[in-house]
Every structure is written in C-alpha cells, then in structure tokens.
Amino acid sequence: MKRPSAIVVASCAAAAAAFVLTGWHLSRNMAPPAWDDAWYLETSFRLWMALKSSPLAFLHTYVNAFKIKAPLISLVPLPLYALFGAGERVAVWANLPLAVLAAWAWSRAAAEWWRGHPRAQDAAALGGALCALIPLAYGLSRVFLVETLLSALLGLFAWRCAAARRDDGKEGQRLGVLLGLGLLAKVTFPLMAAGFVWSARERLKPHAKSALLIGGAIAATWYFMNLPYVLGFAWSAGFGRLASDYAGAGGLGARLSSLAALLHDGFSWPLTAVAVSVAVAAAAVAREKPGAGLCAALWGLAPILIYVVSVNREMRIVAPLLPIGALLAARSAMAFNGAIPRALAAATLLITGLTVCVDQTVFAGPGRVLVYNGAPTSDPGLDRAALLDAAVRAGGPNAVAAIALEHRLLNANNLSCLAAARGLPLSFVSLGYAQTLVEAALIRLKDKNASVLVLVEGISDASLPAFLNRTNSGVADAVRSGRLRAQETERVALAPGISARIFHLW
C-alpha cells in the first residue's frame, strides 16, 4: 500500500487541529442562542418532546414545524438528547461531525474533479483541510444554524455528480436521497446544486427520473403541508421586504462591498491574500490545461451571482459554496512543477489558515473578530431562567408571553427556546417583526392570546437593532396610561442595572 505523501499527512493534521479547536470552543462557550439559532433549537426541543410522547405527536410536530423554514437541522441533534438530555449547549455539538463530513465530502468532490492529475490525491487532501480552515465555515459550525449541514449535503451532492456514471443504476438513488435531504435542509438547495448538475448533465440524464422521484418523496414529508409558505418566505428573504431589512445601502458600491466582506469575513484577508498569490504564481509558471474538473468547480460557484444581485447580502447564504474556493486554492498549489514549490505553497496555505483559526477561536475579541467567530465566553448573558420562572408564575405553564424587546441576549426566540428545553408549553412572542405601528403591536397581543407582557428596563438603545424595537416604548406607554389593561406581578433582576417587569394582561 502506497504511503500517503507529506502533504496529505500535513493536511489531515491541520484539519484535525481545526476540529479540535472547534470542540474546545464548544466546550467553553456559554453564549446564549440569539434569533434564528434559537428558533431552530426551540423546534428541535419540541420535536424531541413530541417524539418521547408518541409517534403521532412527533409526526404532527414535524409536519407543522416552522412553516417557512425547512426542518432537517432541528432533527439532527435528537440522538444527542437521548444520550445527554435536551440542552442548548448539547445541540450545537451536532455540528462538529457535520463539519468533518463536509470537509471530507468536498475533498472527495475534488478528487473526482482532478481525477487523472498526477497529484490529485494531494490536491484533494489539501483542499479538504482548507475547507475546514475557512473562518466562516468553522464560525458557523459553533452556532446552531443550518449552513454546516447544508455544506455537508452540498459537498456530498457535488461528489456524486462528479463521480456519476451513466451505467450505474444506483446513482439515481444516491442523488435522490441527497436531493431530498438537501431540500429538507433548505429550500434553496436545488439552486445551490444547479451548477454541479449542469456540468455533469450528460452523465446524469439516465438518473434524473429516479433522483427526482426519490428526492421529491423525501422532501414531500414536510413540503406537502408547507410549500407555499416556505417559497413565499424564501422570495421575501432574498428579494423582498424581509431582505430589505438586512440589506443596507443599495447600488454597485454596496454589492462590491458585500463581495469584499465575503473575502474579509468568509476567508479572512490573510488566507485570501495567500490563496490569490498562490493561484497567480501557479498560473504564471504552470502550463496546465483547465480540464473538465476546473469547469465543474467554476460552474458550482455560479449561484454566487444570484447572491450579488439579491437584496439580502447576509453572507451565510453563500457560506456552503465557499469550500469551492478552498479546493481551487489547493489545486493551484499542486500545479507547480517542482516538489519544493508545491510543498511551500501547501505549507503557506495551511499555516496561514491555522494561524487565523487559532486567533479567531482563542483570542479574537471586539475589533478583530470575524463574523460568527471570536473567543468563547463564559458569560451566559441575561438571566433568562429567572424571567421564564416569573412568566410561569404570572400566566401559568401554558401561557403565551409577549416581550417588548429584541436583543441578541434576550428576545422571544431564545426565551421560547429555553422553555422548550425544559419541556414547558409556555411560548414567547415578539411585538411583531420590524413592527412600526404601536396599534398593530397591541392588536398582535390579542391575536396571539398573550396573557403575560414583559417590559425590560436598563438596556441601552445603542445595543438594540433599531428596526426590531420601534414599538417597545409605545406599548410601555399603553400600560402606563391604562389603555392596555395590565397588572404588574413582579420585577425580575436580569443583570446588574437590567430588570424585567412582568405584567398579567386582562
């Protein structure tokens, strides 16, 4: 058996170091979930409680989960709950094996793309390691969001598209399962996978029917009840009203800035600079033809063009496609003719990636932290548990409580998440997403049958997302004036200088 090269060994060691660093971060980080991650977690806990109740209860909870978001990520931690109990810090560990799977899957895709190249094994191993060293990738793997799962499924799909043979009768089944799971992970999965399908379209034609039937059957377990809602939300989040809330300024300048941010926060400037330098140097000295593999990889990047023209420029939308850039960087490093230049290029890429990873995992704080990254915190934030107990005392365990605050550390999502982790039917609602009218917020309280209201005092307005907190003071004024009939039951200390007033609504 041929011994692995030094580049393969170094790449495996670098990837392992990145995963160890993520494990270390997960074990020490006590930051509470914020918004989307808290919603995914709440649904995950509700699914777990329903599963423990009965298969029918689980099925009902599953088909009604989210409505506007695909639910697969919320199912992934259920085995961990069986072993360690349901908890916010337990669930996020499910991302670690998914991150490993993603790096491996993308390396397999690279091995197929570069098949026939004399250094394909080295390029694939180096590419897999660089996938593990993408700052946005490991940053997202430390938060309970869908992108790590999506990256793993997309990498597996890219691999199977690259490896597909017309005469392999089982390929349609493999692709169908991945398509179905991808759709259950995110409704935009087919769009993100379209480039891989297009580049392999002739080899995939015999498998199209079985892949679509199997994928459709798997996806239909949830979409048959929710397709109109999730499609409407996806359009609004990409090009409509929801997207505009996060877009910032428009125009060409803003789109160029978003691409620059993708390089800065997605790859980091050091890793971007090294990757570009290696690619330019390799192109200058190597005389290799691009080949079908390079074309397939470039086609895989095509959905980024939609991100560029989209209104919503939240970079985690395209995070699952960033591994393609890592694979291209690794391929460039292996294009040099001499062993020494190849070793130097690989070492520079790995050392730069690891240096950034260590910094963004252990040391980086405000001012240097890349998005979704930074050193772990031992501070669990505000005392959500005390507020939860007070809400139960005010309205009972089945109450609907409204909170007049949207803050990263305290909001309706992460309070509902904590209630679900405890197995409580208690739920929290906001005053309405980006609500601007106090009257509409008051109507929402009645529509949601809220029997408890939470007003928070002591948090600086500068720390609040302004567009999410425009009716807080108006609702508080309605309580003071008696327009909203409410009786204060208690005041709860959440942190030094920050407290919550709990009201029972009549």
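# Close-up views of a predicted model

**View 1. The largest cavity has a volume of about 190 Å³.** The model shown here and in the other views is predicted. Rolling a probe the size of a water molecule over the atoms shows where empty space is left. The count of cavities of 30 Å³ or more comes to 1. The lining of the largest cavity has 18 residues. Ala 99, Ala 102, Cys 131, Ala 137 and Tyr 138 are the closest to its centre. Five helices each supply at least two residues of this lining: α1 (6-28), α7 (95-113), α8 (120-132), α9 (135-140) and α10 (147-163). By class, 13 of the lining residues are nonpolar, 4 are polar and 1 is charged.

**View 2. The second largest pocket has a volume of about 530 Å³.** Its lining is made of 24 residues. Nearest the centre lie Leu 263, Phe 267, Leu 301, Gly 325 and Leu 328. At least two lining residues come from each of α16 (251-267), α17 (269-285), α19 (304-309) and α20 (322-333). Which helix gives the most to the lining? That is α20, with 6 residues. The lining divides into 21 nonpolar residues, 3 polar and no charged.

**View 3. An open sheet is formed by 5 strands.** The strand order is β2-β1-β3-β5-β4, and the pairing is mixed. Which strands stand at the edges? They are β2 (427-429) and β4 (486-495). Each has a single partner strand, so one side of each is left without a neighbour in the sheet. From one strand to the next, the twist averages 25°. Helix α23 (residues 412-421) packs on the sheet and touches β1 (400-403) and β2. The direction of α23 makes about 175° with that of β2.

**View 4. Strand β5 (residues 498-505) runs antiparallel to β4.** The two strands are joined by 8 bridges. Ala 495 stands opposite Ile 498 in β5. Further along the pair, Arg 491 stands opposite Arg 501. The hairpin of β4 and β5 has 2 residues between the strands. There, Gly 497 takes a positive phi near 85°. β5 also pairs with β3 (residues 452-457), in the antiparallel sense and over 6 bridges. On that side, Leu 455 is the bridge partner of Arg 501.

**View 5. How many of the 8 residues of β5 are buried?** The count is 8 of the 8, so β5 is largely enclosed by the rest of the structure. Ile 498, Ala 500, Ile 502 and His 504 point one way from the strand. Ser 499, Arg 501, Phe 503 and Leu 505 point the other way. Both sets are buried.

**View 6. Arg 384 is found in helix α22 (residues 384-395).** Is this arginine buried or exposed? Arg 384 has a relative accessible area of 7%, and because buried means under 20%, it counts as buried. Leaving aside neighbours within four places in sequence, its contacts include Pro 32, Pro 33 and Glu 88. Arg 384 is also in contact with Leu 409, Leu 410, Asn 414, Leu 415 and Leu 418.

**View 7. Phe 66 and Tyr 372 each have a positive phi.** Most residues other than glycine have a negative phi. Phi of Phe 66 is near 70°. Phe 66 lies in the loop between α3 (55-63) and α4 (72-75). With a relative accessible area of 9%, Phe 66 is buried. Phi of Tyr 372 is near 65°. Tyr 372 is found in the loop between α21 (339-363) and α22. At 26% relative accessibility, Tyr 372 counts as partly exposed.

**View 8. Leu 179 lies in helix α11 (residues 171-185).** Its relative accessibility is 14%, and Leu 179 counts as buried. Which residues does Leu 179 touch, not counting those up to four places away in sequence? They are Phe 157, Phe 189, Pro 190, Ala 211, Leu 212 and Gly 215. Leu 179 and Val 358 are 179 residues apart in sequence. In space they are 35 Å apart, C-alpha to C-alpha.

Note on methods. Residues numbered from 1 in each chain as written. Predicted model: local features only at pLDDT ≥ 70, side-chain atom pairs only at ≥ 80, totals over all residues. Heavy atoms only, no water. Pairing = 2+ DSSP bridges. Helix = DSSP H or I, 4+ residues; strand = E, 2+ residues; numbered from the N terminus. Axes fitted to C-alpha atoms, helices over the stretch in contact; angles between N-to-C directions. Contact = heavy atoms within 4.5 Å. 1 Å grid on protein atoms, 1.4 Å probe; cavity = no way out; pocket = protein on both sides within 12 Å on 5 of 7 lines; lining within 4 Å. Points joined across faces, edges and corners; volume = space filled by probe spheres on them. Nonpolar A, V, L, I, M, F, W, Y, C, P; charged D, E, K, R; others polar. Buried < 20%, exposed > 50% of the residue type's maximum accessible area, 1.4 Å probe, protein only.
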